[in-house]
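Student: I have not seen this structure before. Could you take me through part of it?
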Amino acid sequence: MTSQNIIETPQEHLMINVIPSQDGVSESSCTTNPTSHRCPSLGVSLLPLALFITGILTAVIPYSIAVSKGHVEPVWPYISDIGALVPESSVFGMLLNILGLLLLATGFVRYKQMQLDHPRLTKRQTIANRCALWCSVVMPTGCVIVANFRVPVSEEISMDKVIHLGGAFLLFGFGFISCWVQTLVLPSPNRPTNIARFLLAAIQSVAIVVMSIYTLMGNRIQGDWGMEGRNHNRLVWRAEWPGYKEHVVATSCEWWLAFGQMLYWLTFVPEFRRIHVKSISLLVLMK
C-alpha cells in the first residue's frame with residue numbers, strides 16, 4: 001500500500017511517496033523527475049534528537065550568558081528571563097525559532113508514522129493522531145511568539161508581555177496535551193517506552209499544578225508587600241524578599257516542565273530509526 005501526500009501549486013506538483021516495505025520498515029523514495037533519480041536515504045531519528053539537543057542549548061547558552069552578565073540570579077530564574085536582555089536575547093530567540101521548526105517536523109513525522117504502522121487505526125485513535133498533529137502546529141507557533149516578543153524588565157503590564165505569555169501557554173499547554181494524547185491513546189508497542197512517557201507526562205502534570213499555585217501565591221505576597229506594579233527590575237530576586245521561596249518553587253517547576261517535554265520527544269528516537277526518507281518526486285505539469 002502506498003500513501004501519498006501531494007502539495008499542489010499552479011505550475012507543479014511535489015509528491016512524497018511513503019512505502020512500507022515487506023519487513024514492516026517504513027520507507028519513502030527521491031526522484032526529481034518521473035524517470036526516477038535515486039538519492040540516499042535519510043534517517044529521521046535525527047529529528048527528535050536534534051529537537052532535544054536544541055532545547056538544551058536554548059536553555060544552557062542564554063542562561064550562561066545572562067548569569068555571567070549579572071542580568072539574572074543563578075538560582076532558578078524564569079526561562080523567559082534568560083532571554084530578556086541583550087546579548088542573550090538574540091541567541092535565545094534564534095534557538096527558539098529553530099526549535100519551533102524541529103517541533104513541526106517531528107510532529108508531522110510522528111503523525112505519518114502512526115498512519116503507516118497502524119493502517120487500521122480506530123476512530124478514536126485517528127482523532128487523537130490528528131489532535132497530536134494540530135498540537136505540533138500550535139506548539140511551534142507559540143515557540144516563535146515567545147522568541148520574538150520578549151517580556152519587559154519591569155513588572156508593568158505591556159502588550160509584549162501579554163503576547164509573550166500567550167505564546168508560552170501555546171507552547172507548554174499544547175505540548176502537555178500532546179504528551180498525554182500520545183501516551184494514552186497512541187501508545188508505543190514497547191512497554192518500557194510507554195512507562196517512561198507516562199512518568200514524563202505525570203511529571204509535567206505535577207509541575208504545571210505546582211507552578212500555577214506557587215506563582216499565584218508569590219504574586220499575592222508581592223502585592224501585599226507593595227512590590228507588585230512597581231517599576232523595578234524583576235529579573236533580580238533576593239533571598240530576603242517576601243515571596244522568594246514561592247518564586248523559586250514556581251520557576252523550578254517551569255524548568256522541570258520544559259525539560260520533561262524535551263525528554264518526552266527524545267523517546268521517539270528508537271521508533272523513528274525505522275523510518276527513512278528515500279525519495280521525493282517532483283512532477284512539472286506542462287501547459
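This is a predicted model: local features need pLDDT of at least 70, side-chain atom pairs count only at pLDDT 80 or more; totals for chains, interfaces and linings use all residues.

Student: How many residues does helix α1 have, and how far does it reach?

Tutor: Helix α1 covers residues 46–68, which is 23 residues. From its first C-alpha to its last it reaches 32 Å, close to the 33 Å expected at 1.5 Å a residue.

Student: And what follows α1?

Tutor: Gly70 follows α1, and its phi is positive, near 75°.

Student: Which residues of α1 are buried?

Tutor: They include Leu47, Leu51, Phe52, Thr58 and Ala66.

Student: What do those buried residues pack against?

Tutor: The buried residues of α1 pack against α2 (88–117), α6 (244–266) and α7 (269–272).

Student: Let us take α2. How do the axes of α1 and α2 cross?

Tutor: The two axes come within 9 Å and cross at roughly 165°. Because angles over 145 degrees count as roughly antiparallel, α1 is roughly antiparallel to α2. The crossing of α1 and α2 is left-handed.

Student: Which residues make the contact?

Tutor: Among them are Leu51, Thr54 and Ile61 of α1, with Phe92, Leu99 and Val109 of α2. By class, the contact of α1 with α2 has 19 nonpolar, four polar and one charged residues.

Student: Changing topic, where is Ile203?

Tutor: Ile203 lies in helix α5, residues 191–225.

Student: What is the relative accessible area of Ile203?

Tutor: The value is 39%, so Ile203 is partly exposed. The C-alpha atoms of Ile203 and Gln261 are separated by 9.5 Å, although these residues are 58 residues apart along the chain.

Definitions and conventions
Residues are numbered from 1 along each chain as its sequence is written. Side-chain values use heavy atoms; hydrogens and water are left out. Helices (H or I, at least four residues) and strands (E, at least two) are DSSP runs, numbered from the N terminus. The expected span of a helix is 1.5 Å times one less than its number of residues. Buried means under 20% relative accessible area, exposed over 50%, partly exposed in between (1.4 Å probe, protein chains only). Contact means heavy atoms within 4.5 Å. Axes are lines fitted to C-alpha atoms, for helices over the stretch in contact, and angles run from 0 to 180 degrees between N-to-C directions. Angles under 35 degrees count as roughly parallel, over 145 as roughly antiparallel, 65 to 115 as roughly perpendicular and the rest as oblique. A crossing is left-handed if the near helix is turned anticlockwise from the far one by less than a right angle, and right-handed if clockwise. Ala, Val, Leu, Ile, Met, Phe, Trp, Tyr, Cys and Pro count as nonpolar, Asp, Glu, Lys and Arg as charged, and the others, Gly among them, as polar.
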